[in-house]
Amino acid sequence: PFQGFKRIPTEREKKIIDLTYKKGKALAVSNPKRLFFESINLLANLSSFQLVKIEKGFGMFAECAVLFQWLGISFKLSSRILDRCKEKIDSNDIEFRLYYEVSLLTHNILKGDWPSINEYDTNLVAGGLEIGESFEVSIYVVWHGLLNIEKGCLDYAQEMIEKLKEIYEEFEQDYAKILYYQLKSRFLIKTRRIQAATVFLDRGIQFVKKAETGIYMNDLYTMRAQVKMLSGDIHGAEDALLSATIYLMEVKPIPYFYTPFLLAQSKIEICRMKERLETGSETNLSEYRKRAFESSKIALKKSSKSAYHMTEALRIMGTYYWLVDNRKKALKLWRRSIAEGERIGAFIELSRSYFEVGSYLSEPDSKFKELDGMNAKEYFKKAKRMFKEIDLQWDLDELDKISSYTLTIN
(Lines give C-alpha, C1' and ligand atoms only; values in the text may rest on other atoms or scores of the structure.)
Protein backbone atom coordinates (compact mmCIF):
# COMPACT_ATOMS: atom_id res chain seq x y z
CA PRO A 1 0.00 0.00 0.00
CA PHE A 2 2.97 2.37 0.31
CA GLN A 3 4.09 2.01 -3.30
CA GLY A 4 2.78 3.76 -6.40
CA PHE A 5 0.18 6.48 -6.88
CA LYS A 6 -2.84 6.34 -4.59
CA ARG A 7 -6.05 8.32 -4.59
CA ILE A 8 -6.90 10.95 -2.00
CA PRO A 9 -10.11 9.82 -0.27
CA THR A 10 -13.21 11.97 -0.25
CA GLU A 11 -14.87 12.91 3.04
CA ARG A 12 -17.55 10.29 2.38
CA GLU A 13 -14.94 7.60 1.77
CA LYS A 14 -13.16 8.57 4.99
CA LYS A 15 -16.40 8.12 6.92
CA ILE A 16 -17.02 4.73 5.31
CA ILE A 17 -13.53 3.58 6.29
CA ASP A 18 -13.95 4.86 9.85
CA LEU A 19 -17.30 3.09 10.27
CA THR A 20 -15.96 -0.14 8.76
CA TYR A 21 -13.04 -0.05 11.18
CA LYS A 22 -15.28 0.54 14.19
CA LYS A 23 -17.58 -2.27 13.08
CA GLY A 24 -14.54 -4.55 12.83
CA LYS A 25 -13.52 -3.79 16.42
CA ALA A 26 -17.01 -4.77 17.57
CA LEU A 27 -17.00 -7.95 15.48
CA ALA A 28 -13.61 -8.97 16.93
CA VAL A 29 -15.37 -9.97 20.16
CA SER A 30 -18.77 -10.93 18.77
CA ASN A 31 -18.51 -12.57 15.34
CA PRO A 32 -14.99 -13.57 14.19
CA LYS A 33 -16.17 -15.18 10.96
CA ARG A 34 -17.88 -12.00 9.82
CA LEU A 35 -14.85 -10.03 11.01
CA PHE A 36 -12.74 -11.73 8.36
CA PHE A 37 -14.89 -10.55 5.47
CA GLU A 38 -15.39 -7.07 6.90
CA SER A 39 -11.65 -6.68 7.46
CA ILE A 40 -10.77 -7.82 3.97
CA ASN A 41 -13.10 -5.09 2.74
CA LEU A 42 -11.39 -2.54 5.02
CA LEU A 43 -7.93 -3.66 3.88
CA ALA A 44 -8.93 -3.30 0.23
CA ASN A 45 -10.30 0.19 0.88
CA LEU A 46 -7.20 1.31 2.77
CA SER A 47 -4.94 0.01 0.01
CA SER A 48 -6.73 2.23 -2.51
CA PHE A 49 -5.87 5.51 -0.84
CA GLN A 50 -2.98 7.55 0.49
CA LEU A 51 -2.98 6.44 4.12
CA VAL A 52 -1.49 9.73 5.26
CA LYS A 53 -4.74 11.38 4.15
CA ILE A 54 -6.86 9.12 6.40
CA GLU A 55 -7.14 9.70 10.14
CA LYS A 56 -5.61 6.63 11.88
CA GLY A 57 -4.80 5.29 8.38
CA PHE A 58 -1.44 3.75 9.23
CA GLY A 59 -2.76 2.52 12.57
CA MET A 60 -5.75 0.84 10.93
CA PHE A 61 -3.47 -0.82 8.40
CA ALA A 62 -1.18 -2.08 11.18
CA GLU A 63 -4.16 -3.57 12.99
CA CYS A 64 -5.18 -5.42 9.82
CA ALA A 65 -2.11 -7.59 10.54
CA VAL A 66 -4.00 -8.89 13.59
CA LEU A 67 -6.65 -10.35 11.31
CA PHE A 68 -4.26 -12.80 9.67
CA GLN A 69 -2.61 -13.88 12.92
CA TRP A 70 -5.76 -13.86 15.11
CA LEU A 71 -7.58 -16.21 12.75
CA GLY A 72 -4.44 -18.30 12.18
CA ILE A 73 -4.35 -17.58 8.46
CA SER A 74 -0.80 -16.38 7.82
CA PHE A 75 1.95 -15.18 10.13
CA LYS A 76 4.04 -14.39 7.06
CA LEU A 77 1.49 -11.94 5.66
CA SER A 78 1.07 -10.43 9.10
CA SER A 79 4.85 -9.92 9.31
CA ARG A 80 4.91 -8.20 5.92
CA ILE A 81 2.22 -5.72 6.96
CA LEU A 82 3.99 -4.97 10.26
CA ASP A 83 7.36 -4.54 8.54
CA ARG A 84 5.86 -1.99 6.16
CA CYS A 85 4.15 -0.11 8.98
CA LYS A 86 7.34 -0.01 11.04
CA GLU A 87 8.92 2.18 8.37
CA LYS A 88 6.23 4.82 8.92
CA ILE A 89 6.19 5.03 12.71
CA ASP A 90 6.42 8.51 14.17
CA SER A 91 7.63 8.34 17.78
CA ASN A 92 5.46 11.36 18.58
CA ASP A 93 2.30 9.75 17.21
CA ILE A 94 1.00 7.90 20.29
CA GLU A 95 -2.06 6.59 18.47
CA PHE A 96 -0.12 4.95 15.62
CA ARG A 97 2.52 3.61 18.01
CA LEU A 98 -0.19 2.05 20.17
CA TYR A 99 -1.95 0.39 17.22
CA TYR A 100 1.37 -0.90 15.91
CA GLU A 101 2.58 -2.20 19.28
CA VAL A 102 -0.72 -4.02 19.95
CA SER A 103 -0.50 -5.71 16.54
CA LEU A 104 3.17 -6.59 16.98
CA LEU A 105 2.59 -7.91 20.50
CA THR A 106 -0.31 -10.11 19.35
CA HIS A 107 1.80 -11.38 16.45
CA ASN A 108 4.82 -12.29 18.58
CA ILE A 109 2.83 -13.96 21.35
CA LEU A 110 0.82 -16.16 18.98
CA LYS A 111 3.83 -16.94 16.79
CA GLY A 112 5.95 -17.86 19.82
CA ASP A 113 8.60 -15.20 19.38
CA TRP A 114 8.48 -14.21 23.05
CA PRO A 115 12.17 -13.28 23.46
CA SER A 116 11.77 -10.41 20.96
CA ILE A 117 8.74 -8.86 22.67
CA ASN A 118 9.25 -5.27 23.79
CA GLU A 119 8.95 -4.49 27.48
CA TYR A 120 5.68 -3.13 28.85
CA ASP A 121 5.62 0.60 28.10
CA THR A 122 3.93 2.60 30.85
CA ASN A 123 4.27 5.82 28.85
CA LEU A 124 2.50 4.26 25.88
CA VAL A 125 -0.33 3.07 28.14
CA ALA A 126 -0.67 6.48 29.80
CA GLY A 127 -0.53 8.26 26.43
CA GLY A 128 -3.11 5.92 24.92
CA LEU A 129 -5.53 6.46 27.81
CA GLU A 130 -5.01 10.21 27.63
CA ILE A 131 -6.34 10.27 24.06
CA GLY A 132 -9.20 7.90 24.93
CA GLU A 133 -7.91 4.71 23.28
CA SER A 134 -9.01 2.47 26.16
CA PHE A 135 -9.93 -0.41 23.83
CA GLU A 136 -6.42 -0.80 22.37
CA VAL A 137 -4.75 -0.11 25.71
CA SER A 138 -6.83 -2.86 27.35
CA ILE A 139 -5.67 -5.36 24.71
CA TYR A 140 -2.06 -4.25 25.19
CA VAL A 141 -2.33 -4.68 28.97
CA VAL A 142 -4.07 -8.08 28.89
CA TRP A 143 -1.48 -9.53 26.48
CA HIS A 144 1.34 -8.46 28.78
CA GLY A 145 -0.58 -9.91 31.71
CA LEU A 146 -1.11 -13.26 30.01
CA LEU A 147 2.53 -13.33 28.89
CA ASN A 148 3.82 -12.67 32.41
CA ILE A 149 1.62 -15.41 33.84
CA GLU A 150 3.09 -17.95 31.43
CA LYS A 151 6.63 -16.74 32.16
CA GLY A 152 6.02 -17.11 35.89
CA CYS A 153 6.45 -13.36 36.52
CA LEU A 154 3.44 -13.28 38.81
CA ASP A 155 4.05 -9.86 40.41
CA TYR A 156 4.04 -8.21 36.99
CA ALA A 157 0.93 -10.17 36.02
CA GLN A 158 -0.88 -8.86 39.10
CA GLU A 159 0.05 -5.32 38.11
CA MET A 160 -1.64 -5.89 34.74
CA ILE A 161 -4.74 -7.23 36.50
CA GLU A 162 -4.92 -4.08 38.63
CA LYS A 163 -4.36 -1.89 35.56
CA LEU A 164 -7.34 -3.43 33.77
CA LYS A 165 -9.46 -2.86 36.86
CA GLU A 166 -8.34 0.77 36.90
CA ILE A 167 -9.23 1.19 33.20
CA TYR A 168 -12.75 -0.23 33.47
CA GLU A 169 -13.47 1.80 36.61
CA GLU A 170 -12.14 5.08 35.20
CA PHE A 171 -13.56 4.74 31.67
CA GLU A 172 -16.60 2.55 32.47
CA GLN A 173 -15.27 0.29 29.74
CA ASP A 174 -17.08 -3.07 29.66
CA TYR A 175 -14.47 -4.65 27.41
CA ALA A 176 -11.72 -3.85 29.90
CA LYS A 177 -13.83 -5.46 32.61
CA ILE A 178 -14.30 -8.60 30.50
CA LEU A 179 -10.54 -8.79 29.99
CA TYR A 180 -10.06 -8.23 33.74
CA TYR A 181 -12.21 -11.28 34.48
CA GLN A 182 -10.39 -13.29 31.85
CA LEU A 183 -6.90 -12.34 33.05
CA LYS A 184 -7.50 -12.73 36.77
CA SER A 185 -9.29 -16.06 36.22
CA ARG A 186 -6.32 -17.28 34.19
CA PHE A 187 -3.96 -16.11 36.92
CA LEU A 188 -5.87 -17.96 39.65
CA ILE A 189 -6.06 -21.16 37.59
CA LYS A 190 -2.43 -21.13 36.48
CA THR A 191 -1.35 -20.65 40.10
CA ARG A 192 -3.86 -23.33 41.19
CA ARG A 193 -5.78 -21.12 43.63
CA ILE A 194 -8.82 -23.28 43.11
CA GLN A 195 -11.29 -21.91 45.65
CA ALA A 196 -10.61 -18.29 44.70
CA ALA A 197 -10.85 -19.19 41.00
CA THR A 198 -14.23 -20.88 41.54
CA VAL A 199 -15.73 -17.80 43.21
CA PHE A 200 -14.20 -15.32 40.76
CA LEU A 201 -15.28 -17.29 37.67
CA ASP A 202 -18.89 -17.29 38.90
CA ARG A 203 -18.77 -13.48 39.10
CA GLY A 204 -17.14 -13.24 35.68
CA ILE A 205 -19.66 -15.50 34.00
CA GLN A 206 -22.56 -13.46 35.40
CA PHE A 207 -21.08 -10.21 34.07
CA VAL A 208 -20.01 -11.50 30.66
CA LYS A 209 -23.39 -13.16 30.16
CA LYS A 210 -24.99 -9.70 30.34
CA ALA A 211 -22.44 -8.38 27.84
CA GLU A 212 -23.41 -11.18 25.40
CA THR A 213 -19.89 -11.94 24.17
CA GLY A 214 -19.93 -15.60 23.25
CA ILE A 215 -16.16 -15.89 22.80
CA TYR A 216 -15.48 -14.92 26.40
CA MET A 217 -18.41 -16.96 27.70
CA ASN A 218 -16.80 -20.00 26.08
CA ASP A 219 -13.44 -19.05 27.59
CA LEU A 220 -14.79 -18.60 31.13
CA TYR A 221 -16.79 -21.84 31.03
CA THR A 222 -13.69 -23.62 29.71
CA MET A 223 -11.75 -22.25 32.67
CA ARG A 224 -14.51 -23.43 34.99
CA ALA A 225 -14.06 -26.92 33.52
CA GLN A 226 -10.33 -26.68 34.24
CA VAL A 227 -11.00 -25.69 37.85
CA LYS A 228 -13.42 -28.59 38.29
CA MET A 229 -10.82 -30.97 36.89
CA LEU A 230 -8.18 -29.68 39.31
CA SER A 231 -10.54 -30.18 42.23
CA GLY A 232 -11.28 -33.76 41.10
CA ASP A 233 -14.86 -33.08 40.02
CA ILE A 234 -14.95 -34.74 36.61
CA HIS A 235 -18.74 -34.58 36.32
CA GLY A 236 -18.62 -30.86 37.10
CA ALA A 237 -15.92 -30.39 34.47
CA GLU A 238 -18.08 -32.15 31.88
CA ASP A 239 -21.05 -29.94 32.75
CA ALA A 240 -18.95 -26.77 32.48
CA LEU A 241 -17.55 -27.83 29.14
CA LEU A 242 -21.07 -28.58 27.93
CA SER A 243 -21.98 -24.97 28.77
CA ALA A 244 -18.89 -23.78 26.88
CA THR A 245 -20.02 -25.80 23.85
CA ILE A 246 -23.06 -23.54 23.44
CA TYR A 247 -20.68 -20.80 22.27
CA LEU A 248 -18.30 -23.06 20.38
CA MET A 249 -19.16 -21.95 16.83
CA GLU A 250 -18.06 -18.41 17.67
CA VAL A 251 -14.73 -19.72 19.01
CA LYS A 252 -13.67 -22.18 16.31
CA PRO A 253 -12.20 -19.60 13.88
CA ILE A 254 -9.75 -18.37 16.56
CA PRO A 255 -6.99 -20.81 17.58
CA TYR A 256 -6.19 -18.82 20.74
CA PHE A 257 -9.70 -19.49 22.13
CA TYR A 258 -10.44 -22.84 20.49
CA THR A 259 -7.23 -24.54 21.70
CA PRO A 260 -7.91 -24.29 25.47
CA PHE A 261 -11.41 -25.67 24.90
CA LEU A 262 -9.88 -28.66 23.10
CA LEU A 263 -7.24 -29.07 25.80
CA ALA A 264 -9.90 -29.15 28.52
CA GLN A 265 -11.89 -31.64 26.48
CA SER A 266 -8.87 -33.89 25.95
CA LYS A 267 -8.00 -33.80 29.66
CA ILE A 268 -11.50 -34.98 30.56
CA GLU A 269 -11.40 -37.77 27.98
CA ILE A 270 -7.90 -38.84 29.07
CA CYS A 271 -9.05 -38.88 32.70
CA ARG A 272 -12.02 -41.10 31.82
CA MET A 273 -9.78 -43.37 29.75
CA LYS A 274 -7.23 -43.60 32.58
CA GLU A 275 -9.95 -44.56 35.06
CA ARG A 276 -10.96 -47.50 32.91
CA LEU A 277 -7.39 -48.60 32.27
CA GLU A 278 -6.64 -48.60 36.00
CA THR A 279 -9.79 -50.52 36.93
CA GLY A 280 -9.67 -52.87 33.96
CA SER A 281 -13.13 -51.76 32.85
CA GLU A 282 -13.92 -52.00 29.14
CA THR A 283 -17.05 -49.82 29.43
CA ASN A 284 -16.78 -47.05 26.81
CA LEU A 285 -12.97 -47.44 26.85
CA SER A 286 -12.60 -47.43 23.07
CA GLU A 287 -14.92 -44.41 22.80
CA TYR A 288 -12.96 -42.39 25.38
CA ARG A 289 -9.70 -43.43 23.77
CA LYS A 290 -10.87 -42.28 20.35
CA ARG A 291 -12.23 -38.99 21.64
CA ALA A 292 -9.12 -38.30 23.70
CA PHE A 293 -6.94 -38.83 20.64
CA GLU A 294 -9.05 -36.60 18.40
CA SER A 295 -9.26 -33.72 20.91
CA SER A 296 -5.53 -33.86 21.71
CA LYS A 297 -4.56 -34.06 18.05
CA ILE A 298 -6.70 -31.09 17.01
CA ALA A 299 -5.51 -29.08 20.02
CA LEU A 300 -1.90 -29.73 19.05
CA LYS A 301 -2.60 -28.70 15.46
CA LYS A 302 -4.36 -25.50 16.53
CA SER A 303 -1.57 -24.61 18.95
CA SER A 304 0.76 -24.23 15.97
CA LYS A 305 -1.23 -21.03 15.35
CA SER A 306 -1.24 -20.15 19.05
CA ALA A 307 2.17 -20.85 20.58
CA TYR A 308 0.76 -19.65 23.89
CA HIS A 309 -0.66 -23.18 24.32
CA MET A 310 1.98 -25.28 22.56
CA THR A 311 3.96 -26.47 25.61
CA GLU A 312 0.81 -27.78 27.30
CA ALA A 313 -0.66 -29.28 24.12
CA LEU A 314 2.51 -31.30 23.46
CA ARG A 315 2.54 -32.55 27.05
CA ILE A 316 -1.08 -33.69 26.96
CA MET A 317 -0.61 -35.47 23.63
CA GLY A 318 2.43 -37.20 25.14
CA THR A 319 0.39 -38.33 28.14
CA TYR A 320 -2.22 -39.82 25.82
CA TYR A 321 0.41 -41.87 23.99
CA TRP A 322 1.96 -43.06 27.26
CA LEU A 323 -1.40 -44.33 28.50
CA VAL A 324 -2.11 -46.24 25.26
CA ASP A 325 1.33 -47.86 25.62
CA ASN A 326 3.10 -46.02 22.81
CA ARG A 327 5.90 -44.94 25.12
CA LYS A 328 8.42 -43.90 22.48
CA LYS A 329 5.93 -41.50 20.91
CA ALA A 330 5.10 -40.13 24.37
CA LEU A 331 8.76 -39.45 25.16
CA LYS A 332 9.22 -37.75 21.80
CA LEU A 333 6.29 -35.40 22.46
CA TRP A 334 7.42 -34.65 26.02
CA ARG A 335 10.87 -33.82 24.69
CA ARG A 336 9.25 -31.35 22.29
CA SER A 337 7.11 -29.88 25.09
CA ILE A 338 10.19 -29.22 27.20
CA ALA A 339 12.11 -27.79 24.25
CA GLU A 340 9.23 -25.45 23.35
CA GLY A 341 8.78 -24.30 26.94
CA GLU A 342 12.50 -23.56 27.21
CA ARG A 343 12.59 -21.81 23.83
CA ILE A 344 9.84 -19.29 24.47
CA GLY A 345 10.12 -19.07 28.25
CA ALA A 346 6.75 -20.64 29.14
CA PHE A 347 8.06 -21.50 32.59
CA ILE A 348 4.82 -22.44 34.36
CA GLU A 349 3.90 -25.08 31.77
CA LEU A 350 7.56 -26.10 31.43
CA SER A 351 7.74 -26.86 35.17
CA ARG A 352 4.61 -28.99 34.85
CA SER A 353 6.09 -30.83 31.87
CA TYR A 354 9.12 -31.69 34.02
CA PHE A 355 6.75 -32.98 36.71
CA GLU A 356 4.69 -35.00 34.23
CA VAL A 357 7.76 -36.70 32.77
CA GLY A 358 9.07 -37.51 36.25
CA SER A 359 5.69 -38.94 37.30
CA TYR A 360 5.49 -41.42 34.43
CA LEU A 361 9.18 -42.36 34.39
CA SER A 362 8.86 -43.22 38.10
CA GLU A 363 6.15 -45.82 37.49
CA PRO A 364 7.36 -49.22 38.74
CA ASP A 365 6.33 -51.07 35.57
CA SER A 366 7.85 -48.51 33.17
CA LYS A 367 10.46 -49.95 30.79
CA PHE A 368 11.70 -46.41 30.18
CA LYS A 369 13.52 -44.86 33.14
CA GLU A 370 15.21 -41.92 31.40
CA LEU A 371 14.55 -39.16 28.90
CA ASP A 372 17.56 -37.42 27.38
CA GLY A 373 19.85 -38.96 30.00
CA MET A 374 17.79 -37.83 32.99
CA ASN A 375 15.78 -40.06 35.32
CA ALA A 376 12.57 -39.37 37.22
CA LYS A 377 14.35 -37.99 40.28
CA GLU A 378 16.21 -35.42 38.18
CA TYR A 379 13.01 -34.28 36.48
CA PHE A 380 11.34 -33.94 39.88
CA LYS A 381 14.25 -31.82 41.08
CA LYS A 382 13.89 -29.53 38.06
CA ALA A 383 10.15 -29.25 38.65
CA LYS A 384 10.55 -28.59 42.38
CA ARG A 385 13.12 -25.86 41.83
CA MET A 386 10.81 -24.07 39.37
CA PHE A 387 7.75 -24.54 41.58
CA LYS A 388 9.62 -22.81 44.40
CA GLU A 389 10.94 -20.00 42.19
CA ILE A 390 7.48 -19.22 40.82
CA ASP A 391 5.74 -19.90 44.17
CA LEU A 392 3.44 -22.67 42.94
CA GLN A 393 2.48 -24.16 46.31
CA TRP A 394 -0.27 -26.42 44.93
CA ASP A 395 2.22 -28.06 42.59
CA LEU A 396 4.73 -28.50 45.43
CA ASP A 397 2.05 -30.26 47.44
CA GLU A 398 1.31 -32.55 44.49
CA LEU A 399 4.99 -33.35 44.18
CA ASP A 400 5.23 -34.17 47.89
CA LYS A 401 2.43 -36.71 47.48
CA ILE A 402 4.86 -38.89 45.54
CA SER A 403 6.26 -40.29 48.77
CA SER A 404 9.07 -42.37 47.25
CA TYR A 405 10.81 -39.15 46.19
CA THR A 406 9.80 -36.74 48.96
CA LEU A 407 12.80 -37.43 51.22
CA THR A 408 15.43 -37.35 48.49
CA ILE A 409 14.56 -34.20 46.51
CA ASN A 410 16.27 -31.05 47.75
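The model is predicted, so local features need pLDDT of at least 70 and side-chain atom pairs count only at pLDDT 80 or more, while totals for chains, interfaces and linings use all residues. Residues are numbered from 1 along each chain as its sequence is written, and side-chain values use heavy atoms, with hydrogens and water left out.

Select residues 57-70, helix α3 (helices are DSSP runs of H or I, at least four residues, numbered from the N terminus). Of the 14 residues of α3, 14 are buried (under 20% relative accessible area, 1.4 Å probe, protein chains only).

Then move to S74, in the loop between α3 and α4 (75-86). A polar atom of the S74 side chain lies 3.0 Å from the backbone nitrogen of L77. Leaving aside residues up to four places away in sequence, S74 touches F68 and Q69 (heavy atoms within 4.5 Å).

Finally, select α9 (residues 174-190) and α10 (residues 194-211), whose axes come within 10 Å and cross at roughly 155 degrees (axes are lines fitted to C-alpha atoms over the stretch in contact, with angles from 0 to 180 degrees between N-to-C directions). That makes α9 roughly antiparallel to α10 (angles over 145 degrees). Residues making the contact include Y180, Y181 and L188 of α9 and F200, L201 and F207 of α10.

How values were computed:
Helix = DSSP H or I, 4+ residues; strand = E, 2+ residues; numbered from the N terminus. Expected span 1.5 Å × (residues − 1). Buried < 20%, exposed > 50% of the residue type's maximum accessible area, 1.4 Å probe, protein only. Polar contact = N/O pair within 3.5 Å; in protein donor to acceptor, adjacent residues only side chain to side chain. Parallel < 35°, antiparallel > 145°, perpendicular 65-115°, else oblique.
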